[in-house]
Amino acid sequence: MASIDLDKVLDKAWAGKSLPEILTAPVSALKGVSDKDGELLQEAFGVKTVADLAELKYARWAQALAALDTSAK
């Protein structure tokens, strides 16, 4: 079972929210992502929510490529 320390990845305003609430939250709910960053993600990729970002094919492709890279390990 996977787990994550939500305090490390979420803006303080989103601490204590349920997972469904977080997934439908704007990407600015993620620590370090500003409202302006969220606007740019929406403009460039149509990303509006945390779930949209998680499903972004370009991010998935980059993760898959990084996982294949054995030279960094």
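Colleague: Which backbone nitrogen does the side chain of T49 reach at 3.0 Å?

Modeller: This is a predicted model, in which local features need pLDDT of at least 70 and side-chain atom pairs count only at pLDDT 80 or more, while totals for chains, interfaces and linings use all residues. Residues are numbered from 1 along each chain as its sequence is written, and side-chain values use heavy atoms, with hydrogens and water left out. A polar contact is a pair of N or O atoms within 3.5 Å; within protein, one must be able to donate a hydrogen and the other to accept it, and residues adjacent in sequence count only if both atoms are side-chain atoms. At 3.0 Å, the side chain of T49 reaches the backbone nitrogen of D52.

Colleague: Where is T49 found, and is T49 buried or exposed?

Modeller: Helices (H or I, at least four residues) and strands (E, at least two) are DSSP runs, numbered from the N terminus. T49 is found in the loop between α3 (35–45) and α4 (50–55). Buried means under 20% relative accessible area, exposed over 50% and partly exposed in between, with a 1.4 Å probe and protein chains only. Because its relative accessible area is 18%, T49 is buried.

Colleague: Which residues does T49 touch, not counting residues up to four places away in sequence?

Modeller: Contact means heavy atoms within 4.5 Å. T49 and T24 are 25 residues apart in sequence, yet their C-alpha atoms are 5.4 Å apart in space. With residues up to four places away in sequence not counted, T49 touches L23, T24, A25, P26 and V27.

Colleague: Which residues make up the largest nonpolar core?

Modeller: A nonpolar core is a set of buried Ala, Val, Leu, Ile, Met, Phe, Trp, Tyr and Cys residues joined through side-chain atoms within 4.5 Å. V50 touches I22, L23, A25, P26, V27 and L30, leaving out residues up to four places away in sequence. The largest nonpolar core has six residues: L10, I22, A25, A29, L30 and V50.

Colleague: Is S28 buried or exposed?

Modeller: The place of S28 is in the loop between α2 (19–23) and α3. Not counting residues up to four places away in sequence, S28 touches D11, V33, S34 and D35. Its relative accessible area is 17%, so S28 is buried.

Colleague: Which residues form a nonpolar patch on the surface, with about 350 Å² of accessible area together?

Modeller: Patches are made of residues with over 30% relative accessible area and no salt bridge; like charges are joined within 9 Å, and nonpolar side chains (Val, Leu, Ile, Met, Phe, Trp, Tyr) within 5 Å. A salt bridge is a side-chain nitrogen of Lys or Arg within 4 Å of a carboxyl oxygen of Asp or Glu, and accessible areas come from the Shrake-Rupley method with a 1.4 Å probe, only the protein chains shown counting as cover for residues. W61 has its place in helix α5 (residues 57–68). The patch is formed by F45, Y58 and W61.

Colleague: What distance separates the C-alpha atoms of K57 and F45?

Modeller: K57 lies in helix α5 and, at 42% relative accessibility, counts as partly exposed. K57 and F45 are twelve residues apart along the chain, and their C-alpha atoms are separated by 9.8 Å.

Colleague: How many helices does the chain have?

Modeller: From the N terminus on, the elements run α-α-α-α-α. The chain has zero strands, and its helices number five.
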